[in-house]
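Colleague: Could you walk me through a few backbone and packing details here? I'll ask as we go.

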Amino acid sequence: MKRILVFALAAFFGAQAHAAGDAGSGQQKSQACAACHGADGNAPTGPDFPRLAGQHYDYLLKALHDYKSGARKNPIMGGQVAGLSAQDMADLAAYYSSQKGSLHVIR
Amino acid sequence: MRIPLAAALLVLSLPAYAQGNAEAAKGKISMCIGCHGIPMYKTAFPEVYSVPMIAGQSPEYIVKALQAYRAGDRSHPTMRGIAKGLSDQDMADVAAYYGKGAK
């Protein structure tokens with residue numbers, strides 16, 4: 001019983017850790033994103049495209065994974081993420097979350 | 001005389017989005033602030049990750065996100081439940097509130 005728990009915990013933390021994002025690599029991979037979200041993710045080119053700059057890393061990563069799995073459906077983003085690896089997504093999330101942006105929390 | 005008519009037709013031909021009222025949203029955001037009003041708040045279900053910051057997104061994006069939850073195109077169960085209870089006007093109002101100042 002204890003052993004199963006240890007394995008489960010190891011699997012969980014292993015999965016979390018397996019692709020830490022690198023912001024520098026993310027910037028290199030962000031050209032296609034910039035066309036709609038702006039160079040630093042803070043100047044979307046369409047009114048209904050989201051700002052990405054400064055958004056939380058784990059939320060951005062989840063969004064990309066959800067587009068890839070189909071849990072989040074959007075014709076543009078579904079196509080964009082099709083060719084991205086888990087490492088690419090982690091790098092992109094690291095890049096955009098590290099940019100200064102105007103997103104904030106209000107009550 | 002023709003210009004006002006053309007202008008009126010242009011306005012009428014714009015997508016029929018409800019006009020948002022940030023002031024009216026104040027009575028409608030009680031369900032939002034429990035998660036989106038707390039810095040660094042994380043969802044605990046079905047996965048643990050940070051709740052997105054929504055203040056500063058454009059109103060158009062916020063409406064689109066809410067519509068996607070309502071339609072089932074986004075999966076978060078809590079947001080689906082909340083969005084299903086919102087009218088188009090509610091969505092526009094909430095979007096105006098959180099998108100205030102966003103360009």
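Colleague: Which loop holds B:Met40, and is B:Met40 buried or exposed?

Modeller: B:Met40 sits in the chain B loop between α3 (30-36) and β1; helices (H or I, at least four residues) and strands (E, at least two) are DSSP runs, numbered from the N terminus. Its phi is positive, about 65 degrees, although B:Met40 is not a glycine. Buried takes 20 or more other C-beta atoms within 10 Å of a residue's own, exposed 12 or fewer, partly exposed in between, with C-beta atoms placed from the backbone. B:Met40 has 9 of them within 10 Å, so it counts as exposed.

Modeller: Bear in mind that this is a predicted model, where local features need pLDDT of at least 70, side-chain atom pairs count only at pLDDT 80 or more, and totals for chains, interfaces and linings use all residues. Residues are numbered from 1 along each chain as its sequence is written, while chains are lettered from A and ligands numbered from 1 in the order written.

Colleague: Which peptide bond is cis?

Modeller: Look at the chain B loop between β1 (42-43) and β2 (49-50), where B:Pro46 is placed. With omega near -5 degrees, the cis bond runs from B:Phe45 to B:Pro46.

Colleague: How far apart are the end C-alpha atoms of helix α4 of chain B?

Modeller: The expected span is 1.5 Å times one less than the number of residues. For the 13 residues of α4 (residues 59-71) of chain B that should give 18 Å, and the end C-alpha atoms agree, being apart by 18 Å.
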